[in-house]
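Reader: I would like a close look at a single part of this structure, taken slowly and with its surroundings included.

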Amino acid sequence: MEKELDLATARFIKEQQDWERQEEVERLLKQFDRKKNTTYTLEELTEGIRKGEQQLYTELLEFEPRLLLDGRITIPYMKDFFDAEHDKPDKAFFASNENTVAMTILDIPCERIPQSLEEWITAICEPLKEYHWHIKPTKKKSIGNMEYFCFVMPTAKGKIYNVTFRYHKGGRLFVGTLNCPEEEKEGMGLLLEAMVYVIVEWNR
C-alpha cells in the first residue's frame, strides 16, 4: 500500500512538472509569437515594397514591377508567392492557396468616372444585402486618381478582408480587389493596402 502511495505521489509530481513545463512553453511561444508582438505601419510596408523586399512576420517577401493587361498597368508583384496566375488583356488574376491571398484586376474602357466614391461603394455593397451580407467599409481613401475602400466579407471558408480599388488612367478604369483572411488584416491586409499606394506611384 505504501509503495502504491509512493508511486501515485511520484506520478502526481511528474504530471505537475509536465504541466508547469507546458505552461512555460506556452508562455515562451506567446512571448515570441511575432504576429502578436509585431505591428506594422502602412508607411513602413509601402517603403518595403518600393525597395523590393519586406519582412512580414517570419516570411521575407520580394517584390518586382510587373506589367499587366497588355502592359497598361504596373503592379508590385510578389515573387514566388502565387500558385495560380492568369493575365489576359482585360483581366488579371493571382492566387496563393497556401497563404489564402488573391488579387484580381479588371480593365474597363472609361473616359470619366461616372460615380463618386460613396456612390461606387454603395453600388457594390447594396446588391450584397440580397444575400444578407451587410458590408460596412472599415476604411476609404482617395489618392489622386486612385480610390479604394476596405471591408470584411463572409464566405464559406470564413471572413475575408478585402481592399477594393479603382484607378482611372488614360481613358481606362482599372478595378481591383486584393484579399486575405480577416485575422491577417493587420499584417497581410495592411501589406495589400500598401500595394495599392505603390500602384499609384508606379503608374503616374
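Which strands does helix α4 lie across, and at about what angle does helix α4 run to β8?

Author: In this predicted model, helix α4, which spans residues 117–125, lies across β7, β8, β9 (158–169) and β10 (172–181), and its direction is at about 20° to that of β8. Those strands belong to an open sheet of seven strands with antiparallel pairing, in the order β4-β5-β6-β10-β9-β8-β7. The edges are formed by β4 (84–87) and β7 (139–143), each of which pairs on one side only, and neighbouring strands are turned by 15° against each other on average, direction ignored.

Turning to the nonpolar packing, the largest core has 44 residues, of which Met78, Phe165, Met188, Leu191 and Leu192 touch the most other members. The element that gives the most to this core is α5 (residues 185–202), with eleven residues. If neighbours within four places in sequence are left aside, Met188 is in contact with Leu56, Leu61, Phe81, Val101 and Cys180. There is also a second, separate core of twelve residues, which includes Trp120, Ile121, Phe149 and Leu173.

Terms used
Residues numbered from 1 in each chain as written. Predicted model: local features only at pLDDT ≥ 70, side-chain atom pairs only at ≥ 80, totals over all residues. Heavy atoms only, no water. Core = buried A, V, L, I, M, F, W, Y, C linked by side-chain atoms within 4.5 Å. Buried < 20%, exposed > 50% of the residue type's maximum accessible area, 1.4 Å probe, protein only. Helix = DSSP H or I, 4+ residues; strand = E, 2+ residues; numbered from the N terminus. Contact = heavy atoms within 4.5 Å. Pairing = 2+ DSSP bridges. Axes fitted to C-alpha atoms, helices over the stretch in contact; angles between N-to-C directions.
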